[in-house]
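Reader: Please show me the structure, and then let us go through it by question and answer.

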Amino acid sequence: MARVRIASLAEIPPGQMFEYTDGDDRFLVCNVDGKLHAVDGTCPHRGGPLFHGALHGATLVCPWHAWEFDCRSGEYDYNPELRLETFRVEVEHGSVYLVIP
Ligand code: FES
């Protein structure tokens, strides 16, 4: 398990997303009403890059075919059993850390 500093808190203001990549792995951090949430950054449908989609409140919309996920839980809206993997994200002294298993 690794804890990685990915950004300053100022780089991810409310309503914004931030992408962190580690090799082929993409992670997406969303700021929903001042709280940060981290999910897998690759859409489980056909692999769309979720960072290039849209964030409406807590709803993350894939740019390729508009599948929608809850950024807090990772749940796909039509089938909650299909979900993006979620990751722990921590804020410390103005820095954002992602905990990667
Ligand atoms: S690749 Fe994301 S909805 Fe199709």
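Author: A residue is called buried under 20% relative accessible area, exposed over 50%, and partly exposed in between, with a 1.4 Å probe and protein chains only. This is a predicted model, in which local features need pLDDT of at least 70, side-chain atom pairs count only at pLDDT 80 or more, and totals for chains, interfaces and linings use all residues. Residues are numbered from 1 along each chain as its sequence is written, and side-chain values use heavy atoms, with hydrogens and water left out.

Reader: Are cysteine 30 and cysteine 71 buried or exposed?

Author: The two cysteines form a disulfide, a term for a pair of cysteine sulfur atoms within 2.5 Å. Their sulfur atoms are 1.8 Å apart. As for accessibility, cysteine 30 and cysteine 71 are both buried.

Reader: Is the disulfide of cysteine 30 and cysteine 71 right-handed or left-handed?

Author: The torsion about the S-S bond of cysteine 30 and cysteine 71 is about 90°. The disulfide is therefore right-handed.

Reader: Why does asparagine 31 count as buried?

Author: Asparagine 31 is located in strand β3. Leaving aside neighbours within four places in sequence, its contacts (heavy atoms within 4.5 Å) include Ile12, Leu36 and Leu55. Asparagine 31 counts as buried because its relative accessible area is 3%.

Reader: Which backbone oxygen does the side chain of asparagine 31 reach?

Author: A polar atom of the asparagine 31 side chain lies 3.4 Å from the backbone nitrogen of lysine 35. At 2.7 Å, the side chain of asparagine 31 reaches the backbone oxygen of isoleucine 12.

Reader: Why does glutamate 68 count as partly exposed?

Author: Glutamate 68 lies in strand β7, which covers residues 68-70. Glutamate 68 counts as partly exposed because its relative accessibility is 31%.

How values were computed: Helices (H or I, at least four residues) and strands (E, at least two) are DSSP runs, numbered from the N terminus. A polar contact is a pair of N or O atoms within 3.5 Å; within protein, one must be able to donate a hydrogen and the other to accept it, and residues adjacent in sequence count only if both atoms are side-chain atoms.
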